[in-house]
Amino acid sequence: MAVIKVRNTGEVIEGKENVAVFLNKQGVLYEHWDASKLPTHLQNKFVLTDEEKADILAAFQSEIEDLAKRRGYQAWDVVALCEQTPNLEELLKKFEQVHTHTEDEVRAIVAGHGIFVIKGDEKTGYFDVELEAGDVISVPEGNPHFFTLMDDRQVVAVRLFIDPSGWVAHPYEEKEGE
C-alpha cells in the first residue's frame, strides 16, 4: 500500500483511503489493483522477456482497459528496472531530475517498489509517494515530479499513454518564491 511523506512537514500518510484523499486534493489519481493477479512465476522477476511482458499485460487487461477508457489512454507497455538493467545508473540520473510532461504520467506497479516525488500545492510542497505492487498513480500533465527506485532497486510497472511518441520529459526549474 502506498505511503506518502510530506517533505516540508515530515507528515506521513498511510492507508488506502487516506492516501487517495491526499493525492486527490493534489490532483493526482490513485487507485489500487489486485497485485495477486500477477502470475506466480513473474511475482519476483525483474528481468523480463517480451513474452513475459505480454503475460503481465494480459493479467491486468481488464484494469488497463477500464483506466484507459476513463482517462483517454491509447497505448500501454511494461517497464522493468533492476540491477541487471543495462545503463541503470544513467537511467536513474535521468529519471531523478524534476520534469513535466504534456500528458499524464501513469504507472501501475505490479512488482517491486518505486517512489514518485511530486510537487504539490503551495502549502504542501514536494511529497514522496512510496509505491508497491498494486498501487496505480497518474501524475497530471504539467505537474513537476520525478520517479526513482527504493532501496531494493526493483520495479515492474505498466505504463499508459495517450500518445507514447509524444511522451517526453521537459526539465522543470523552480522559480523564486515557489
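H145 sits in strand β9, residues 145-148. Strands here are DSSP E runs of at least two residues, helices are H or I runs of at least four, and both are numbered from the N terminus.

A word on the source. This is a predicted model, where local features need pLDDT of at least 70, side-chain atom pairs count only at pLDDT 80 or more, and totals for chains, interfaces and linings use all residues. Residues are numbered from 1 along each chain as its sequence is written, and side-chain values use heavy atoms, with hydrogens and water left out.

Is H145 buried or exposed? H145 is buried, at a relative accessible area of 1%. Buried means under 20% relative accessible area, exposed means over 50%, and partly exposed is in between, with a 1.4 Å probe and protein chains only.

Now the annotation. In the unreviewed UniProt entry, "binding site" covers H99, H101, E105 and H145. These four span 47 residues in sequence, yet no two of their C-alpha atoms are more than 10.9 Å apart, so they gather at one spot. UniProt positions follow the numbering used here, feature names are shortened, and annotations may be inferred rather than shown by experiment.

E105 belongs to strand β6, residues 105-119. E105 is buried too, with a relative accessible area of 3%. Its side chain makes a polar contact with the side chain of R107, at 3.1 Å. A polar contact is a pair of N or O atoms within 3.5 Å; within protein, one must be able to donate a hydrogen and the other to accept it, and residues adjacent in sequence count only if both atoms are side-chain atoms.

Next, the cores. The largest nonpolar core has 25 residues, and I4, L23, F116, I118, F127, V129 and I137 touch the most other members. A nonpolar core is a set of buried Ala, Val, Leu, Ile, Met, Phe, Trp, Tyr and Cys residues joined through side-chain atoms within 4.5 Å. A second, separate core has 24 residues, including A59, A68, V106 and V136.

Last, helix α1. Which residues of α1 are buried? They are V19, F22 and L23. These cover an arc of only 95° around the axis, which puts them on the same side of α1. The arc is taken from the directions from the helix axis to the C-beta atoms. E17, N24 and K25 are exposed on the other side. After α1 comes G27, with a positive phi near 80°.
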